[in-house]
Amino acid sequence: MKKILSIKGGGIRGIIPCVCLAAIERETGKLTRDLFDFVGGTSTGALLSAAIAAGIPASESLKVYTNQGPKIFSPTNSVERDALLVARGYQFDNAVLRKALGDTLGANAGMTINNSPIPVMIPAVDTLGHVWYFVKDAPTNAGTTGKYLLADVAVASACATTYHGAFNIPGLGYFADGGCGGQADPVYMICAEAFKDTSCFGTIDPADAVVISLGTGTYTPAAAPGPPKGLMANIEWVTSSLVDASETLAEQSTNRQWPGLLHAFNVALASEIDEADVSSIPTLLTLGAQMDWQSILKVL
């Protein structure tokens, strides 16, 4: 069976799937890269996908979240963050995120999409609103995305609107989080790129495939909240609603198009956790340990 891994977006909540992957690596004695034939993700999932493709152990990626998270999502004071958002349209410096990923990839920081040892798919949205799906160049696609650095593409996908400013991919232009284009859960488009019957990139036969989707925690309130009050609350509601709706649609579409292939794993959050809430790191580590990685191994 060919194995495909998809990782959702969620900022600091990427700790949850990262802990899960670290457990799988400990159990199998193998890198995630050696367990899957195709990998992709959006936002924090894109960062993890880049590390996976570069052969970075999940335990090392986890240290980036726990040690570098407070720097990546600085300032942590909500009043200062809101002031920056109003003044310039975003809260955090994406150069800090880019350096953290480059340092993590180390000798593979210069790896391009084309040079990745395993196929990857990372979505990002340009400032014209067009969704790009970064995959290796192939005769079946436009052959325009494979030459770009894996690290640049991953950071572009991770620069969520209102959190980080748009990221410039040299030679291509400015991009924002793939979630802005409805790809907070990229599983459907990962399958479209991986499978040979879609005339995109891949050569995998759906009849000989299994798809694992890892979430970053989901929160369902007991009752629908009242309407948001004030500009900041409305901005937060719009961005979070966009992400939640696209995640639901992606799984539904995948299950309709390729019945029985998708195995989605996630954990329930007791309360909503903002994707920049670094104070939640201890909680996220606990939640990651609750991800059912034993069942994932059974599927694999």
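**Backbone, packing and burial**

Tutor: We begin with S43, which is buried because its relative accessible area is 4%, where buried means under 20% relative accessible area, exposed over 50% and partly exposed in between (1.4 Å probe, protein chains only). The model is predicted, so local features need pLDDT of at least 70 and side-chain atom pairs count only at pLDDT 80 or more, while totals for chains, interfaces and linings use all residues. Residues are numbered from 1 along each chain as its sequence is written, and side-chain values use heavy atoms, with hydrogens and water left out.

Student: What is the phi of S43, and in which loop does S43 lie?

Tutor: Most residues other than glycine have a negative phi, and most peptide bonds are trans. S43 is not a glycine, yet its phi is positive, at about 60°. Helices (H or I, at least four residues) and strands (E, at least two) are DSSP runs, numbered from the N terminus. On that basis S43 lies in the loop between β2 (38-41) and α3.

Student: Is S199 buried or exposed?

Tutor: S199 is also not a glycine and has a positive phi, of about 55°. Its place is in the loop between α8 (187-194) and β7 (209-214). With a relative accessible area of 58%, S199 is therefore exposed.

Student: How many residues of helix α3 are buried?

Tutor: Helix α3 spans residues 44-53 and is mostly covered. Its buried residues include T44, L47, S49 and I52. After α3 comes G55, with a positive phi near 80°. The count of buried residues in α3 is 10 of 10.

Student: Which peptide bond is cis, with omega near 10°?

Tutor: The proline concerned, P75, is placed in the loop between α4 and α5 (78-88). The cis bond, with omega near 10°, runs from S74 to P75.

Student: Are α1 and α4 roughly parallel or roughly antiparallel?

Tutor: The axes of α1 (residues 15-28) and α4 (residues 58-72) come within 8 Å and cross at roughly 155°. Axes are lines fitted to C-alpha atoms, for helices over the stretch in contact, and angles run from 0 to 180 degrees between N-to-C directions. Angles under 35 degrees count as roughly parallel, over 145 as roughly antiparallel, 65 to 115 as roughly perpendicular and the rest as oblique. The pair α1 and α4 is therefore roughly antiparallel.

Student: Which residues of α4 make the contact with α1?

Tutor: Contact means heavy atoms within 4.5 Å. From α1, the contact draws on I15, C18, V19, L21, A22 and E25. From α4, the residues are A58, S59, S61, L62 and Y65.

Student: Which residues of α6 does α4 meet?

Tutor: α4 and α6 (residues 94-105) pack at about 155°, with their axes 10 Å apart, which makes α4 roughly antiparallel to α6. On the α4 side are V64, K71 and I72; on the α6 side they meet V96, L97, A100 and T104.

Student: Which residues does D152 touch, not counting those up to four places away in sequence?

Tutor: D152 is in helix α7 (residues 150-158). Its relative accessibility is 8%, so D152 counts as buried. Beyond its sequence neighbours up to four places away, D152 touches R98, F167, I169 and P170.

Student: What percentage of the residues in the protein is buried?

Tutor: The protein has 11 helices and eight strands. Its C-alpha trace spans about 50 × 45 × 35 Å along the principal axes. Among its 300 residues, the buried share is 52%.
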